Amino acid sequence: MLTTQDILQFHFSQTTLQQSAQNIISIKLVSVNDHRIGKLQKITEEAGISSFSFSGDNLIPQVFRKFKNSINNNNANFERRELRTLSYSLNYSEQNLSLIFHNENELKYALTLLDANWRDSYLAGLIDCFLRNWETKYPKSLEQLEQFILKKLENYSGNRGTLISFKKNKRYFNTKNGDLVLGDTIAKLNKPIQEATKILGVPESWLAYAYFSKVIVTYYERNKSNISDEIDSLNDIMVKHNNSITNKRLISKIIIQANKPDFTILQDQIKKIAFMQIGDPSNMSNWTTFDNATEIERKEIIQARNILDEWIAKQFIDVFFKVCLNDVRRKQFWLNIASKNRITFKVYGPLHTKTLLKKDERIAEYVDARFEIVTSKKNVSAFILYIGDYMLIEFSNEGYAFYAYKITSSYKPSLSYQLNSVDDLRNASMPMAIQSDNYYDYYNDEGRLTHRDGNQIWETRFNSWMNKKVFGGTVVKTNTPVEVSEKTDVVENSNEQWETSSNTPVEVSEKTDVVENSNEQWETSSNYWSTTELADYTYSKKKDAWYKTKL
């Protein structure tokens, strides 16, 4: 029996037919059609944009003055061309004459003149002023303009595509949340944020207007789960929008979101964007909050600046203790401190160290603002951290001790002039930050600590002192004697070297754990004890002190 294929003489496979159908229209023809469709779309867009074109900019000063002079003269007459120019003059000012928009009564008078001789062409200038002043300090003027525009759009019955689009999209002009609705709509339509002006039906140049600030931020909020894919697009729109307020709003949110291990790779790109669009966080003026900022926005800007400072500090610490000292333990210790505390920092050292640090692309662009060159060519640098009321200093020479100065201390070295050497930051007369005897530790407000392990690893001692002094904890003694006399300064076991003003190395000899030149006495259940020899007292080598048995 004959099949359908035999009757129709279709002697080929179905797969071949499907493949042939896909190529029935040539690639060349598809390309030509796409090109022509693109041209038609461009013509349509240009026709719409032409509704906003205004060639009377040179008339604005003249019409503006005429309007100001007419305020007290109700008989002033304006020609139709002058009225259209007036619709574009609401944002203009000169000398001691303020913006019409800033004065509610003047704005009301201007709108009355336009209404009395209404032409739909006036809407373009009014909408321009409306979107420019979306986040104005004069909300009553904005509300007045909003009501006038919405009324005219509601009554419009013409066939101009642009005004029909405005009427259709009037919900986007609601001052309560119109910008938020537009940002949310763009995200839901899965459109790029760059099409915001096209969807609204205004010239692309208007993207710089204040109206689009929260459109952009809302779009980000709806797409933040895809931040890794959206970051380039968001940076591009910030460049085009060119608004410092939007940059602070948006970048602050992005930094806070990215402050998680999952976004470590993205953080470098965000840092670069933040520096480009806002500026270095070390310069507080770059990150000041803006007028009319909400309390949430203020907190977010401050939080983002602190996070950005932390990211930069951690990268500097990572590079400094790898390139200048190659000490993994010190690096990890200070990375932990930087992760939990608000810090600022400066690096001091010779020119060749600065050059070395700038070779690392992770911190290259941040070095200049954070590195101070000393006169000496000695290959030692200092990393100065500021935490709370303290100036903390680590050096790139492993034999140098850590120094801690209170900001208000007379010991604190002056940085108001160029240092001859980082050794100027050291002070041989400083006591040890922790002084110990056999029974408990003494914590000085400032002093030195060595990086040598003893009964405890040095990190434990550093953390103990930092928690008690820098971070405001309380001293916990290892034992509580019955009586304790005043102690003198004790030097821990160390082999630190430093230079005096005459550049002569001085070596500190090893000290015992007992407090020198003191007369401490205490008692236990069976003995009286003393740190110095007394009559009838016996020396105990184990305790390194003298004792007398109770009767």
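Biologist: Why is the contact between Arg342 and Asp309 called a salt bridge?
Modeller: This is a predicted model, so the distance is a computed one. The N to O distance between the side chains of Arg342 and Asp309 is 3.0 Å. The cut-off is 4 Å between a side-chain nitrogen of Lys or Arg and a carboxyl oxygen of Asp or Glu. The Arg342 and Asp309 pair therefore counts as a salt bridge.

Biologist: What parts of the chain does the pair tie together?
Modeller: Arg342 lies in the loop between helix H17 (328-340) and strand E1 (344-349). Asp309 is in helix H16 (residues 295-324), so the pair ties together parts that are 33 residues apart in sequence.

Biologist: Are the two partners buried or exposed, and how do you know?
Modeller: Asp309 has a relative accessible area of 7%. Buried means under 20%, so Asp309 is buried. Arg342 comes out at 34%.

Biologist: What makes Glu106 and Lys68 a salt bridge?
Modeller: Their side chains meet at 2.6 Å, N to O. The limit is 4 Å, so the pair of Glu106 and Lys68 qualifies. This pair links distant parts of the chain, 38 residues apart. Glu106 is in helix H6 (residues 104-116), and Lys68 is in helix H4 (residues 60-70).

Biologist: Why are Glu106 and Lys68 called buried?
Modeller: Glu106 has a relative accessible area of 13%. Lys68 is also at 13%. The cut-off for buried is under 20%, so both residues get that label.

Biologist: Where do Glu310 and Lys314 lie?
Modeller: Both lie in helix H16, four residues apart, about one turn of the helix. Glu310 is at 16%, under the 20% limit, so Glu310 is buried. Lys314 is at 27%, so Lys314 is partly exposed.

Biologist: How many salt bridges does the rule give?
Modeller: The count comes to 33. Side chains of opposite charge can pair when their charged atoms come close. There is also a network of salt bridges, which links Asp318, Lys322, Lys331, Asp360 and Arg362.

Biologist: How do you know that Trp458 is buried?
Modeller: Its relative accessibility is 2%. That is under 20%, so Trp458 counts as buried. Trp458 lies in helix H19 (residues 458-470).

Biologist: What does Trp458 touch?
Modeller: Leaving out residues up to four places away in sequence, the partners include Arg329, Arg330, Phe333 and Thr450. Arg329 is 129 residues from Trp458 along the chain. Their C-alpha atoms are separated by 9.8 Å.

Biologist: Why is Ser141 called buried?
Modeller: Ser141 is at 1% relative accessibility. The limit is under 20%, so the label is buried. Ser141 sits in helix H8 (residues 139-155). Beyond its neighbours within four places, Ser141 is in contact with Phe101, His102, Asn103, Glu104 and Leu107.

Biologist: What share of the chain counts as buried?
Modeller: Of the 551 residues, 46% do. The chain has 19 helices and 14 strands.

Definitions and conventions:
Residues are numbered from 1 along each chain as its sequence is written. This is a predicted model: local features need pLDDT of at least 70, side-chain atom pairs count only at pLDDT 80 or more; totals for chains, interfaces and linings use all residues. Side-chain values use heavy atoms; hydrogens and water are left out. Helices (H or I, at least four residues) and strands (E, at least two) are DSSP runs, numbered from the N terminus. Buried means under 20% relative accessible area, exposed over 50%, partly exposed in between (1.4 Å probe, protein chains only). Contact means heavy atoms within 4.5 Å.
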